[in-house]
Structures are given as C-alpha cells and as structure tokens.
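Here is a short briefing on a few residues. Keep the sequence and the 3D view open as you read.

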Amino acid sequence: MVAAQAPTPLQQPHWVHRNEPLLAQLGVSLDDPQLLTVLAGSAAPPPLKPFATVYSGHQFGHWAGQLGDGRALGLGELPYRDTASGSEQWLEVQLKGAGPTPYSRFADGRAVLRSSIREYLCSEAMHGLGIATTRALTLVASATPVQRERSERAAVVCRAARSFLRFGHFEHYHYSGQPERVAALADYLIERHFPQWLMLSEHQRHLNLFSHIVAATATTIAAWQAVGFAHGVLNTDNMSLLGDTLDYGPFGFLDRYQSGLICNHSDSSGRYAFDRQPMIGLWNLNALANAFLSLLPSEALVEQLGSYQQQFEQAYRDNMRAKLGLPTTASDTQVDSLVGEFLRLLESSGADYSRSMRALAWLGSNDEPQLATEIGASWTTSQWQQWRSDYSELVGSSALRSATRRRAMNAVNAKYILRNYLAEQAIEAAEAGDYQQVERLFKVLQHPYDEQPEHHRLAAVPPAWAESISVSCSS
Ligand code: AMP
Ligand code: MG
C-alpha cells in the first residue's frame, strides 16, 4: 500500500551538505532554484507525487506489527549511468524526516540533526568502502525544534537507493493476510530489478528472488564483519531486499577489536552485538521465508536458508584472505585458522581493529615496528610470535617483501573509517552552526583506502573518551 503524502515544511531550512558528485551523476543541477525547497520538504511541485509505503516487522525478535514509513517520503526515481558497467540504472530518491505520514503512529515524522549527520556520513563512508548501501544525496538543517531527550533541531536527509523495499514490506502483507499483495510485490521487484528472470516459470522466478536475497544478505553482512561495522538495530524492517545497508541509527565501527561490541545503548540483551550479526541475518531471512510461504513451498525456502551459512563463510573468508594478503593457494582451513587466531590475539591485546589490519602490510618489512606499535606490548609474546611465523610461512618470504602485495592490502584495509568519536565531533560543531567537519569527513571518507597524509589525524587511535560514547535508537 502506498499513500500520497505531502511533506511538512521546516522553519528556516538551509544546506548542511550536498553530495555534489552523486547529484551530478543523477543529472541534478546545483543551480536549480527549487533544489532546497524540494529537498528540505518545503514543497513538492508537480510532477512530484511524494508517497509513504507501509511495512511491518520483527523488532528485537518479536513481531511488532506496522512500523513505517513513519518519516520517509519517496519522491520518485532518477536515472544515472553506472560508471563501472556503463549501463543506465535508476535510483529512488527519498526524504527522511519530512514530517508525519499515515504510518507515523504517534511519532512526529521528524529526524534530528545529530542522527541525520550520522546517516548522511556513514552511508557515503560505506559506499566509499565498497559496501552495498543506500546513498546520501543532501542534508538540510532547520530551526524547527524537535523534542527528544532534549530539544533538538529537525533535519532532513535526502537519500537514494536502488530500492528502499525491506523484508518488512513482505511481512506486512503476509501477516495481514494479503497473499495477492505478497505476489504483486515479488513481481514488482523482479520486473524492476531482475527482468532477466521474466521468461522463467513463476516458481523459478520466486525461487531466484528468495535465493538472491539470501545471497545478498550473506555478502553484505560478511562485508560488515570484515570492515568491523555493527549496524546496531537489525530488525527485519531495517533489512533491504537487495542486500543494501539500510537505516543508519545506533551503528558503530570497531575501535579496539571487541567481538561482542554492542553499539546500541538500547540493546540491553546484546541481540545485535557485532559477532551476532551473521546469525541475525539468518534469523531475519527466516522471518522473510515465513512471509514467502504463499509463494514457495516451505522445503524450497528451507533449502535456500540452508545455503546461507556457507555463503556467508565463503564471502567472509574471501574478504579476510584479501585483507590479510594471503595467497590463493592457502586452503580454506589455513585461512580460517590464521584469521581466527589473529582476531583472538587482537582482542586479548586490546589493539585497534582497522589500524592493525592496515599495519599488517608492514609485516616482514623494515617498517614492521609500526605493526608492533599497533599491537602493543603483547607483540613480543610467544603467541603473537607463533602467529607471525605461521603467517610468514603461509605468505612466503618473497611475497612478504613485495610492494605489490602491500598495495593490494592497502586497497582493502581502510585507513579512514567513521569512528563514533569523529561523528560526535562533527555533530557537536554542526549543532553550533559549523558544518566544516561534516564536509571534511565526507570528503576523506569517500576515499578511505587512500593515504591522504594531510588528514592522518582522522585515522589516529581514538581518544580515551571515545569508549564512553553511547548511541541509542532515539533519533
Ligand atoms: P527504527 O527502529 O529507527 O528503524 O524505527 C522503526 C520505525 O519507526 C521506522 O521504520 C519509522 O517508520 C518509525 N519512526 C521512527 N522514528 C520516527 C519518527 N520520529 N516519526 C515517525 N515515525 C518514526
Ligand atoms: Mg528503520
């Protein structure tokens, strides 16, 4: 179900940031006099027909009924030329925080500047890292007050994605007894995103769709685990049907390696802890499988679900093989055991995840002390030295000295990630009216694998106070 819904204007809207490269790719001119009016949600002149869609979902493991779109308004789609494939593709454009919708329940339909900056920066940071995600197009702040734990200012993010459809859209129709709409939604997705399946039988199309969602979910979560990203609130309504990272709220990147990091302050049971994400992906797919029961026999769904673990493990192993610079000749067992021991030692050493991964490229070179500094005093222990020796043996001495290998590792081990404390500093400045840090982070995070020596402070070990930052769903 889609409801027409006009946005509710903000007081004194103004730009915080514009993603100029993406706007240009979508053919949107910065000189368009209506740009701010439209993207702040002040007006939606024809031919725009803003709309909100309805979805439900499971939150923290429980059926929560109808949830949204409580504060998202679709504006339409724009074509662009994909630079990698050269083909024409479409991105849906959506305002987040543009006022109440018929599905807002009792909430205000707004988003605060703080959470909007986090979503805006993180979605582009993920894109820069090469992880499937929604994108950020523009960010508008305002003078409109919004009451949360304290009074804050309302903001609107304009975001773009191949699709904003979620597991929860299917769940909504399934649990409200509308199998014909479950089928219509599946047909829509296939027509729009997988036209190559249109000549297949209906059963095969639906099977391909479910199987694709399983694979895309496994791939994206494997990428999160490899980069050290915790989503924080992996409810089924925050799961994209195309496997894109969606709805950035109480997320966090690992600073020191902490396998059980719970970045969402409201997640008291740790359901969405970092190391539980792969399993939660499967839990959510299982919920989606239930919503597919009118389309496919349960045996077929169970078989697809059964392939998830192996697909996740393979994708994660491929990521880690590249990040550790391990040769293709290393067996899966060798990779798994070296990675497992590396993470165990990192955790007990209290070392920073991203910095240690990046410093691994120095192992075996004259710059190895940089790695030792990263790991800290425990680098000299027999356990680390045993690991070092196993690693060196697997990589081989000539490869260890190879600059090509080092370059390849740097291309997959980010120097710059959106650490919570960096976002926090940019938010504090922005709340005081200074948007320069948002601009700087945005620029740097677009190229997270490049050295960018002039910005090296943004890649520093986080300050002690970073540990005490807590983010919750309140947004
Ligand atoms: P979340 O846990 O942030 O994904 O929120 C769950 C759902 O609640 C979202 O999908 C929104 O549709 C809705 N929601 C969250 N915040 C608001 C708000 N301020 N106004 C209206 N709806 C909201
Ligand atoms: Mg959400």
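In which strand is the place of Arg159? Arg159 belongs to strand β10, which covers residues 151–161. The model is predicted.

**Arg159**
- The UniProt annotation "binding site", from an unreviewed entry, includes Arg159.
- Arg159 counts as buried because its relative accessibility is 2%, and buried means under 20%.
- Beyond its neighbours within four places in sequence, Arg159 is in contact with several residues, among them Glu92, Lys96, Glu119, Arg135, Phe164, Arg166 and Asp247.

**Asp247**
- Asp247 sits in the loop between β11 (229–230) and β12 (252–253).
- With neighbours within four places in sequence left aside, Asp247 is in contact with Lys96, Arg159, Arg166, His231, Asp237 and Asn238.
- The side chains of Asp247 and Arg159 are joined by a polar contact of 2.9 Å.

**His172**
- Helix α4, residues 167–175, holds His172.
- Is His172 buried or exposed? His172 counts as buried, because its relative accessibility is 10% and the buried class is under 20%.
- Setting aside neighbours within four places in sequence, His172 is in contact with Val54, Tyr55, Ser56 and Gln66.

Methods: Residues are numbered from 1 along each chain as its sequence is written. Chains are lettered from A and ligands numbered from 1 in the order in which they are written. This is a predicted model: local features need pLDDT of at least 70, side-chain atom pairs count only at pLDDT 80 or more; totals for chains, interfaces and linings use all residues. Side-chain values use heavy atoms; hydrogens and water are left out. UniProt positions are given in the numbering used here, feature names are shortened, and annotations may be inferred rather than shown by experiment. Helices (H or I, at least four residues) and strands (E, at least two) are DSSP runs, numbered from the N terminus. Buried means under 20% relative accessible area, exposed over 50%, partly exposed in between (1.4 Å probe, protein chains only). Contact means heavy atoms within 4.5 Å. A polar contact is a pair of N or O atoms within 3.5 Å; within protein, one must be able to donate a hydrogen and the other to accept it, and residues adjacent in sequence count only if both atoms are side-chain atoms.
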